[in-house]
Amino acid sequence: MIDRRYFLASGAALGIFGSGAMAHESGDAAQLPERFQPRRVPIPATMNPGEIHVDPNRFALYWTLPGGEAMRYSVGVGREGLYETGVFRIGAKKEWPSWTPTPDMIAREPEKYKQYEDGMEGGPDNPLGARALYLFDGTRDTFLRIHGTNAPSTIGTAVSNGCARLVNDHIIEFYPEVPMETKVFLYPKLA
(Lines give C-alpha, C1' and ligand atoms only; values in the text may rest on other atoms or scores of the structure.)
Protein backbone atom coordinates (compact mmCIF):
# COMPACT_ATOMS: atom_id res chain seq x y z
CA MET A 1 0.00 0.00 0.00
CA ILE A 2 1.27 3.46 -0.84
CA ASP A 3 1.90 6.10 1.75
CA ARG A 4 1.93 9.88 1.45
CA ARG A 5 5.72 10.11 1.03
CA TYR A 6 5.73 7.58 -1.77
CA PHE A 7 2.83 9.29 -3.55
CA LEU A 8 4.37 12.76 -3.29
CA ALA A 9 7.90 11.63 -4.21
CA SER A 10 6.67 9.50 -7.11
CA GLY A 11 4.41 12.26 -8.30
CA ALA A 12 7.26 14.74 -8.36
CA ALA A 13 9.50 12.27 -10.18
CA LEU A 14 6.88 11.40 -12.75
CA GLY A 15 5.69 14.95 -13.20
CA ILE A 16 2.06 14.10 -12.38
CA PHE A 17 1.53 17.45 -10.79
CA GLY A 18 2.38 19.41 -13.90
CA SER A 19 0.72 20.05 -17.20
CA GLY A 20 -1.73 17.86 -19.01
CA ALA A 21 -4.66 17.65 -21.29
CA MET A 22 -8.46 18.21 -20.95
CA ALA A 23 -9.71 21.68 -20.10
CA HIS A 24 -13.44 22.18 -19.70
CA GLU A 25 -15.12 25.42 -20.64
CA SER A 26 -18.61 25.60 -19.19
CA GLY A 27 -20.29 27.16 -16.16
CA ASP A 28 -18.17 27.67 -13.06
CA ALA A 29 -15.26 25.74 -14.58
CA ALA A 30 -14.83 28.41 -17.24
CA GLN A 31 -14.00 30.88 -14.45
CA LEU A 32 -11.03 28.80 -13.28
CA PRO A 33 -7.48 29.51 -14.45
CA GLU A 34 -6.05 26.89 -16.82
CA ARG A 35 -3.86 25.43 -14.03
CA PHE A 36 -7.06 24.45 -12.14
CA GLN A 37 -8.69 22.62 -15.06
CA PRO A 38 -8.95 18.81 -14.94
CA ARG A 39 -6.22 16.87 -16.67
CA ARG A 40 -5.16 13.29 -17.18
CA VAL A 41 -1.83 12.60 -15.45
CA PRO A 42 0.47 9.57 -14.97
CA ILE A 43 0.56 7.99 -11.49
CA PRO A 44 2.73 5.34 -9.80
CA ALA A 45 1.97 1.82 -11.01
CA THR A 46 1.37 0.77 -7.39
CA MET A 47 -1.78 2.90 -7.14
CA ASN A 48 -4.97 0.93 -7.74
CA PRO A 49 -7.53 2.12 -10.28
CA GLY A 50 -10.84 3.30 -8.86
CA GLU A 51 -9.55 5.18 -5.81
CA ILE A 52 -9.67 8.83 -4.78
CA HIS A 53 -6.51 10.49 -3.43
CA VAL A 54 -6.66 14.06 -2.07
CA ASP A 55 -3.38 15.96 -1.74
CA PRO A 56 -4.19 19.11 0.28
CA ASN A 57 -0.71 20.52 -0.34
CA ARG A 58 -1.37 20.74 -4.07
CA PHE A 59 -5.13 21.28 -3.74
CA ALA A 60 -5.59 18.23 -5.95
CA LEU A 61 -7.94 15.28 -6.09
CA TYR A 62 -6.82 12.27 -8.13
CA TRP A 63 -9.36 9.77 -9.48
CA THR A 64 -7.16 6.78 -10.36
CA LEU A 65 -7.76 5.07 -13.70
CA PRO A 66 -6.48 1.85 -15.24
CA GLY A 67 -3.15 1.98 -17.05
CA GLY A 68 -1.20 4.07 -14.52
CA GLU A 69 -3.18 7.28 -15.02
CA ALA A 70 -5.51 9.49 -13.01
CA MET A 71 -7.80 12.42 -13.60
CA ARG A 72 -6.52 15.34 -11.55
CA TYR A 73 -9.13 17.83 -10.33
CA SER A 74 -8.31 21.01 -8.45
CA VAL A 75 -10.07 21.39 -5.11
CA GLY A 76 -10.50 23.61 -2.10
CA VAL A 77 -9.76 21.87 1.21
CA GLY A 78 -10.39 22.29 4.93
CA ARG A 79 -8.90 25.33 6.56
CA GLU A 80 -6.34 25.14 9.36
CA GLY A 81 -7.42 22.76 12.12
CA LEU A 82 -10.43 21.45 10.19
CA TYR A 83 -8.82 19.18 7.60
CA GLU A 84 -8.87 15.51 8.61
CA THR A 85 -6.54 12.84 7.23
CA GLY A 86 -7.18 9.13 6.85
CA VAL A 87 -8.56 6.38 4.67
CA PHE A 88 -12.31 6.44 4.20
CA ARG A 89 -14.96 4.94 1.93
CA ILE A 90 -17.83 6.41 -0.03
CA GLY A 91 -20.86 5.51 2.11
CA ALA A 92 -23.48 7.66 0.34
CA LYS A 93 -23.87 9.71 -2.84
CA LYS A 94 -26.42 12.46 -3.41
CA GLU A 95 -27.40 14.76 -6.26
CA TRP A 96 -28.33 18.31 -5.20
CA PRO A 97 -28.00 17.26 -1.54
CA SER A 98 -29.60 19.06 1.35
CA TRP A 99 -27.20 20.45 3.94
CA THR A 100 -27.22 21.03 7.68
CA PRO A 101 -24.22 22.61 9.43
CA THR A 102 -22.71 20.46 12.17
CA PRO A 103 -23.07 21.58 15.80
CA ASP A 104 -19.32 22.39 15.76
CA MET A 105 -19.79 24.69 12.76
CA ILE A 106 -22.66 26.49 14.49
CA ALA A 107 -20.61 26.85 17.70
CA ARG A 108 -17.58 28.22 15.78
CA GLU A 109 -19.52 30.70 13.64
CA PRO A 110 -23.10 31.13 14.91
CA GLU A 111 -23.56 34.34 12.93
CA LYS A 112 -22.98 32.40 9.72
CA TYR A 113 -24.53 28.99 10.42
CA LYS A 114 -27.20 29.28 13.15
CA GLN A 115 -29.85 30.30 10.59
CA TYR A 116 -29.38 26.92 8.85
CA GLU A 117 -29.49 24.68 11.95
CA ASP A 118 -32.69 23.05 10.63
CA GLY A 119 -31.07 22.45 7.24
CA MET A 120 -31.12 23.86 3.74
CA GLU A 121 -32.70 22.23 0.70
CA GLY A 122 -30.47 21.24 -2.18
CA GLY A 123 -30.06 23.70 -5.03
CA PRO A 124 -27.66 26.16 -6.64
CA ASP A 125 -27.15 28.18 -3.42
CA ASN A 126 -26.53 25.15 -1.21
CA PRO A 127 -22.93 24.87 0.13
CA LEU A 128 -22.68 21.21 -0.97
CA GLY A 129 -23.33 22.17 -4.58
CA ALA A 130 -24.60 19.91 -7.33
CA ARG A 131 -23.30 16.57 -6.01
CA ALA A 132 -21.79 15.14 -2.82
CA LEU A 133 -19.83 12.01 -1.95
CA TYR A 134 -20.15 11.19 1.76
CA LEU A 135 -17.05 9.84 3.50
CA PHE A 136 -17.54 7.08 6.04
CA ASP A 137 -15.19 5.39 8.50
CA GLY A 138 -16.61 1.88 8.65
CA THR A 139 -20.33 2.45 9.18
CA ARG A 140 -19.87 5.90 10.77
CA ASP A 141 -20.57 9.05 8.74
CA THR A 142 -17.57 11.33 9.30
CA PHE A 143 -19.47 14.44 8.09
CA LEU A 144 -16.61 14.88 5.60
CA ARG A 145 -17.68 15.31 1.99
CA ILE A 146 -16.27 15.63 -1.49
CA HIS A 147 -18.75 18.04 -2.97
CA GLY A 148 -19.48 20.77 -5.45
CA THR A 149 -19.37 24.50 -4.97
CA ASN A 150 -20.66 27.48 -6.90
CA ALA A 151 -17.72 29.56 -5.62
CA PRO A 152 -14.86 28.94 -8.08
CA SER A 153 -12.66 31.44 -6.22
CA THR A 154 -12.36 28.92 -3.34
CA ILE A 155 -10.59 26.32 -5.51
CA GLY A 156 -6.90 26.17 -4.64
CA THR A 157 -7.49 27.48 -1.11
CA ALA A 158 -7.91 26.09 2.41
CA VAL A 159 -11.32 27.52 3.18
CA SER A 160 -13.84 24.79 3.98
CA ASN A 161 -14.98 23.16 7.22
CA GLY A 162 -13.00 20.02 6.47
CA CYS A 163 -14.36 18.89 3.12
CA ALA A 164 -12.83 18.83 -0.36
CA ARG A 165 -14.75 20.88 -2.92
CA LEU A 166 -14.71 20.97 -6.70
CA VAL A 167 -16.60 23.42 -8.88
CA ASN A 168 -20.05 22.08 -9.75
CA ASP A 169 -19.12 21.33 -13.38
CA HIS A 170 -16.28 19.07 -12.25
CA ILE A 171 -18.20 17.20 -9.53
CA ILE A 172 -21.02 16.59 -12.04
CA GLU A 173 -18.46 15.08 -14.46
CA PHE A 174 -16.67 13.07 -11.75
CA TYR A 175 -19.68 11.87 -9.68
CA PRO A 176 -21.11 9.14 -11.96
CA GLU A 177 -17.68 7.50 -12.29
CA VAL A 178 -17.37 6.89 -8.53
CA PRO A 179 -19.11 3.77 -7.19
CA MET A 180 -20.24 3.26 -3.61
CA GLU A 181 -17.54 1.83 -1.33
CA THR A 182 -14.74 3.61 -3.25
CA LYS A 183 -11.63 4.06 -1.08
CA VAL A 184 -10.70 7.68 -0.36
CA PHE A 185 -7.24 8.69 0.89
CA LEU A 186 -6.96 12.11 2.51
CA TYR A 187 -3.24 12.84 2.84
CA PRO A 188 -1.80 15.07 5.59
CA LYS A 189 -0.97 18.72 5.12
CA LEU A 190 2.75 19.39 5.27
CA ALA A 191 3.87 21.80 7.98
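Colleague: Which element gives the most to the lining of the largest cavity?

Modeller: β8 does, with 3 residues. Strands here are DSSP runs of E, at least two residues, and helices are runs of H or I, at least four, numbered from the N terminus. This is a predicted model, where local features need pLDDT of at least 70, side-chain atom pairs count only at pLDDT 80 or more, and totals for chains, interfaces and linings use all residues. Residues are numbered from 1 along each chain as its sequence is written, and side-chain values use heavy atoms, with hydrogens and water left out.

Colleague: What volume does the largest cavity have?

Modeller: About 40 Å³. On a 1 Å grid over the protein atoms alone, a cavity is a set of points where a 1.4 Å probe fits but cannot get out; a pocket is an open set with protein on both sides within 12 Å along at least five of seven lines. Lining residues have an atom within 4 Å of a point. Points are joined across faces, edges and corners, and volume is the space filled by probe spheres set on them.

Colleague: Which residues line the largest cavity?

Modeller: Among them are Tyr83, Leu135, Arg145, Cys163 and Leu186.

Colleague: Switching to the largest pocket, how much space lies in it?

Modeller: About 790 Å³. Its lining has 33 residues, with Trp99, Met105, Leu128, Asn161 and Cys163 nearest the centre.

Colleague: Which element gives the most there?

Modeller: β8, with 6 residues. Elements supplying at least two residues include α2 (103–108) and β9 (158–160).
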